[in-house]
Amino acid sequence: MLAKLLKYDFKKIYKFLIIFYSLAIFFAILTRIFFQIDNSFVMSIVAKICSGATISMIVSIIINNVMRLWVKFKNTLYDDESYLTHTLPVTKNSLYISKIITAILTMLTSVIVIALTLFIAYYSKENIETLKNLILPIADILDSSIIGVVILFLAVLLIETLNIIQVGFTGIILGHKANNNKVALSVIFGFAVYMFTQTISLLGAFLISLFNKDMMNLFITNEVINIDMIKALAFVCIVIYTSIFIINFIINILIFKKGVNVD
């Protein structure tokens with residue numbers, strides 16, 4: 001049954017996201033085409049306009065991916081669609097797990113589409129060399145490869161984004177426990193939980209820094225961060241955010257299983 005839930009969720013989310021994926025790739029192709037035309041002031045202006053549209057679509061993909069997941073979560077579990085959802089022969093665990101898996105996979109898809117969009121629009125030997133020159137010193141200091149550095153920081157951004165999405169789910173679950181002003185309360189609860197998780201993240205980093213003098217300097221001095229600490233900080237962030245994600249996942253399921261107030 002979980003597979004059927006996922007199929008339904010993917011269909012609804014991708015039906016919306018495919019528009020932004022298509023627009024991003026479309027403007028990326030136009031950007032590449034017009035930047036290939038030399039000695040034309042007009043084409044240069046058009047290329048920059050298309051480039052701006054490409055970047056705009058990339059930002060829109062992330063924002064709309066997150067927002068659509070929240071909207072779909074609310075509609076499926078608490079609004080009109082919920083009457084059908086809660087009559088299905090499926091546990092609340094499966095319902096929530098489906099939403100989380102959908103969030104993870106759609107965000108991964110969006111990252112892949114964004115990477116493809118950037119490649120189409122801006123790939124050139126010169127740009128690759130410039131990017132390598134920017135990342136290589138960091139990779140050398142961190143004793144890693146360029147790909148390793150990129151994957152590390154993408155992992156930090158991805159797990160943080162997934163935490164934001166799940167905090168939104170938490171806000172919706174708590175907000176819809178009330179009888180009135182459910183949307184407003186969902187936003188308030190979501191923001192409050194987000195601030196709480198960030199405080200926990202900071203506290204966790206501080207506790208870890210008690211065993212690392214260089215990391216402690218981030219809390220007790222205003223010195224510029226030692227670049228040697230970047231790798232350690234990235235791994236600490238991944239561990240903390242992953243732990244928060246798992247704990248929040250368990251808490252959300254426990255609260256969700258206590259009952260749902262359908263509008």
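Student: In the lining of the largest cavity, how many residues are nonpolar, polar and charged?

Tutor: This is a predicted model, in which local features need pLDDT of at least 70, side-chain atom pairs count only at pLDDT 80 or more, and totals for chains, interfaces and linings use all residues. Residues are numbered from 1 along each chain as its sequence is written, and side-chain values use heavy atoms, with hydrogens and water left out. Ala, Val, Leu, Ile, Met, Phe, Trp, Tyr, Cys and Pro count as nonpolar, Asp, Glu, Lys and Arg as charged, and the others, Gly among them, as polar. On that scheme the lining of the largest cavity has 4 nonpolar, 1 polar and 2 charged residues.

Student: Which residues line the largest cavity?

Tutor: On a 1 Å grid over the protein atoms alone, a cavity is a set of points where a 1.4 Å probe fits but cannot get out, a pocket is an open set with protein on both sides within 12 Å along at least five of seven lines, and lining residues have an atom within 4 Å of a point. The count is 1 cavity of 30 Å³ or more. The residues that line the largest cavity are Ile13, Leu69, Lys72, Phe73, Lys99, Thr102 and Phe169.

Student: Which element gives the largest share of that cavity lining?

Tutor: Helices (H or I, at least four residues) and strands (E, at least two) are DSSP runs, numbered from the N terminus. Helix H2 (41-78) and helix H4 (92-122) each give two or more residues to the lining of the largest cavity. The largest share, 3 residues, comes from H2.

Student: What is the volume of the largest pocket?

Tutor: Grid points are joined across faces, edges and corners, and a volume is the space filled by probe spheres set on the points. By that definition the largest pocket has a volume of about 990 Å³.

Student: Which element gives the largest share of the lining of the largest pocket?

Tutor: The lining has 27 residues, with Ala115, Leu118, Leu131, Val150 and Leu154 nearest the pocket centre. H4, helix H5 (125-141) and helix H6 (146-175) each give two or more residues. By class, the lining has 23 nonpolar, 3 polar and 1 charged residues. The largest share, 10 residues, comes from H6.

Student: Which element gives the most to the lining of the second largest pocket?

Tutor: The second largest pocket holds about 380 Å³ of space. Of its 16 lining residues, Trp70, Gly168, Ile172, Ser186 and Val187 are the closest to its centre. H2, H6 and helix H7 (182-209) each give two or more residues to this lining. The most, 6 residues, comes from H7.
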